[in-house]
Amino acid sequence: MTEDSQRNFRSVYYEKVGFRGVEEKKSLEILLKDDRLDIEKLCTFSQRFPLPSMYRALVWKVLLGILPPHHESHARVMLYRKEQYSDVLHALKVIRFVSDATPQVEVYLRMCQLESGRLPRSPSFPLDPEDEVFLAIAKAMEEMVEDSVDCYWIIRCFVNQLNKYRDSLPQLPKAFEQYLNLEDSRLLSHLKTCSAVSKLPYDLWFKRCFAGCLPESSLQRVWDKIPQDSSDAIVSKAIDLWHKHCGTPVHSA
């Protein structure tokens, strides 16, 4: 039996006995042992498999460019990231824009606004729609990432990544209809008959990348690309359909 066939046999066996993902975890650990992490291989892995929770923050930081590929630089780079985080937070406290009582997700928003030159003149100014999107993603991310420094940098870079595809957002509802027609044309016809297609929460789905729509365990699987029994099944099916109709998309780190 060849090495590949042995691996396939073990994967099927592990899944049948309830240990799905054992082989995938081992494969990821091998990738993470390299002195220089292979970004393309990590991208491919994250597209094909759910990331183990113990490695999720590390992989996200590497794929989002928060950490460089070289292991030996990780500690030093994160020290710089932590210092920058502390400096920005201190500046916001000095100008009394945030305090110890400010909700953490709002602190993340104000920090990002300050660094991008978009800090309003007063905290009482109404939020822009893009700020509402930031807060929704930040609230979901806060449940996934414990360390506040890691959380801020992942949120900031994740939102920046989403903003690269902002011009494509108007096309997504139409693409959704096309794929739904391929998979369940009767459902699409029913939605159109009920005039429900235009009322679907596209902003919640696409602009917020499902933040506030899916529970954490399911949202993590989307955010890896991007008991909640039914929602997790829906996400699994959606990812299968994504690969079926779209192939493996190019991940831009």
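1. Of the 253 residues in the protein chain, 35% count as buried. The model is a predicted one. The chain exposes about 15500 Å², and carbon and sulfur atoms supply 53% of that area.

2. The protein chain holds 13 helices and zero strands. Read from the N terminus, its elements run α-α-α-α-α-α-α-α-α-α-α-α-α.

3. The largest nonpolar core has 55 residues, and Met 141 and Trp 223 touch the most other members. At least two residues of this core come from each of helix H2 (22-32), helix H3 (39-48), helix H4 (53-63), helix H5 (74-94), helix H6 (104-115), helix H7 (129-144), helix H8 (148-163) and helix H12 (216-224).

4. Leaving aside residues up to four places away in sequence, Met 141 touches Trp 60, Cys 151, Ile 154, Ile 155, Phe 158 and Trp 223.

5. The packing of H5 against H8 can be described in some detail. Their axes lie 10 Å apart, at an angle of about 90°. H5 is therefore roughly perpendicular to H8, since angles of 65 to 115 degrees count as such.

6. On the H5 side of this contact are Met 78, Arg 81, Lys 82, Gln 84 and Tyr 85. They meet Ser 148, Val 149, Asp 150, Tyr 152, Trp 153 and Arg 156 in H8. By type, the residues of the contact of H5 with H8 are five nonpolar, two polar and four charged.

How values were computed
Residues numbered from 1 in each chain as written. Predicted model: local features only at pLDDT ≥ 70, side-chain atom pairs only at ≥ 80, totals over all residues. Heavy atoms only, no water. Helix = DSSP H or I, 4+ residues; strand = E, 2+ residues; numbered from the N terminus. Buried < 20%, exposed > 50% of the residue type's maximum accessible area, 1.4 Å probe, protein only. Areas by Shrake-Rupley, 256 points an atom, 1.4 Å probe, with all protein chains shown as cover. Core = buried A, V, L, I, M, F, W, Y, C linked by side-chain atoms within 4.5 Å. Contact = heavy atoms within 4.5 Å. Axes fitted to C-alpha atoms, helices over the stretch in contact; angles between N-to-C directions. Parallel < 35°, antiparallel > 145°, perpendicular 65-115°, else oblique. Nonpolar A, V, L, I, M, F, W, Y, C, P; charged D, E, K, R; others polar.
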